[in-house]
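This report describes one protein model, from its overall fold to selected residues. The sequence and the structure are shown below.

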Amino acid sequence: MKPQEAEQRRRTRNPFDVMDVPDPNDQEVQEFATGAKLAGTSDDENAKAWTAKAWTAATDQYGAIEGNWSSRWNGGADPTIPGDAANKWKQGQAEVKGAGDRLYLLFNWDNGARRGLIDAHRQGTRLVGKYINLNDPKVMRPWIGLIVSNSRIDGRWTGGRLDFRR
């Protein structure tokens, strides 16, 4: 590892040692969080299991929020995916780690070719923060989440949904 890379790793807030989300509690995030709602109900889009992967005790700490998850998002088209549209779900894998009162959700889509990071302040079961596209860092959006259970996190960004299941 080059000295510059080692220094960058020491400077990140997030436990994944990837680029940090700039200003994850800014005014835009607070305004979005004030108006956006998630109820965690049984008829929510994320209530029905949609994951293809079956997580097991050997691969995950199922009794905790931290660990491996499946992820999906909609509401925007990824121009790097041929034929993608805003109404189509982009699915991938995710990992969740905590640090103090923050949760970090590192996720991918397009068969792992694209990655994003959410840096969220945890207030009980409510999560408030911001997303950054790690492949195109100029793309950042506010995000809120609701921890419904250790196998379901409902999420919303300014254009649609960004959910997690296991």
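## Overall organisation

In this predicted model, residues 24 or more positions apart account for 50% of the contacts in the protein that have a separation of 6 or more. Two helices and eight strands make up the secondary structure, and their order along the sequence is α-α-β-β-β-β-β-β-β-β. Of the 166 residues, 45% count as buried.

## The nonpolar core

The largest nonpolar core has 20 residues. Within this core, the residues with the most contacts are L105, F107, I118, W143, I153, L162 and F164. Two or more core residues come from each of β1 (67–73), β2 (90–99), β3, β4 (114–123), β5, β6 (140–149), β7 (152–157) and β8 (160–165). The largest share, four residues, is that of β3. In soluble globular proteins, nonpolar side chains tend to be buried together.

F107 illustrates the contacts made by a core residue. Leaving out residues up to four places away in sequence, F107 touches S71, W73, Q93, A94, R114, R115, G116, L117, I118, Y131, L162 and F164. L162, F164 and I118, all three in this list, are also among the core residues with the most contacts.

## The largest pocket

The largest pocket has a volume of about 320 Å³ and is lined by 16 residues. Nearest its centre lie W73, A77, Y131, N133 and V139. The elements that contribute two or more residues to the lining are β3 (102–109) and β5 (126–133). By class, the lining comprises nine nonpolar, three polar and four charged residues.

W73 and Y131, which are among the residues nearest the pocket centre, are both in contact with F107. N133, another of the residues nearest that centre, is touched by R114.

R114 belongs to strand β4. Its relative accessible area is 15%, under the 20% cut-off, and R114 therefore counts as buried. Apart from neighbours within four places in sequence, R114 is in contact with D78, T80, F107, N108, W109, N133, N135 and D136. R114 and D136 are 22 residues apart along the chain, and their C-alpha atoms are separated by 9.0 Å.

The loop between β3 and β4 holds D110 and N111. Most residues other than glycine have a negative phi. The phi of D110, however, is positive, near 55 degrees, and N111 likewise has a positive phi, of about 55 degrees, although it is not a glycine.

## T12 in the loop between the helices

T12 is found in the loop between α1 (3–11) and α2 (27–35). Because its relative accessible area is 13%, below the 20% limit, T12 is classed as buried. The side chain of T12 reaches the backbone oxygen of N14 at 3.5 Å, and a polar contact of 3.2 Å links the side chains of T12 and D17.

Not counting residues up to four places away in sequence, the residues touched by T12 are D17, V18 and D20.

Key: Residues are numbered from 1 along each chain as its sequence is written. This is a predicted model: local features need pLDDT of at least 70, side-chain atom pairs count only at pLDDT 80 or more; totals for chains, interfaces and linings use all residues. Side-chain values use heavy atoms; hydrogens and water are left out. On a 1 Å grid over the protein atoms alone, a cavity is a set of points where a 1.4 Å probe fits but cannot get out, and a pocket is an open set with protein on both sides within 12 Å along at least five of seven lines; lining residues have an atom within 4 Å of a point. Grid points are joined across faces, edges and corners, and a volume is the space filled by probe spheres set on the points. Ala, Val, Leu, Ile, Met, Phe, Trp, Tyr, Cys and Pro count as nonpolar, Asp, Glu, Lys and Arg as charged, and the others, Gly among them, as polar. Buried means under 20% relative accessible area, exposed over 50%, partly exposed in between (1.4 Å probe, protein chains only). A polar contact is a pair of N or O atoms within 3.5 Å; within protein, one must be able to donate a hydrogen and the other to accept it, and residues adjacent in sequence count only if both atoms are side-chain atoms. Contact means heavy atoms within 4.5 Å. A nonpolar core is a set of buried Ala, Val, Leu, Ile, Met, Phe, Trp, Tyr and Cys residues joined through side-chain atoms within 4.5 Å.
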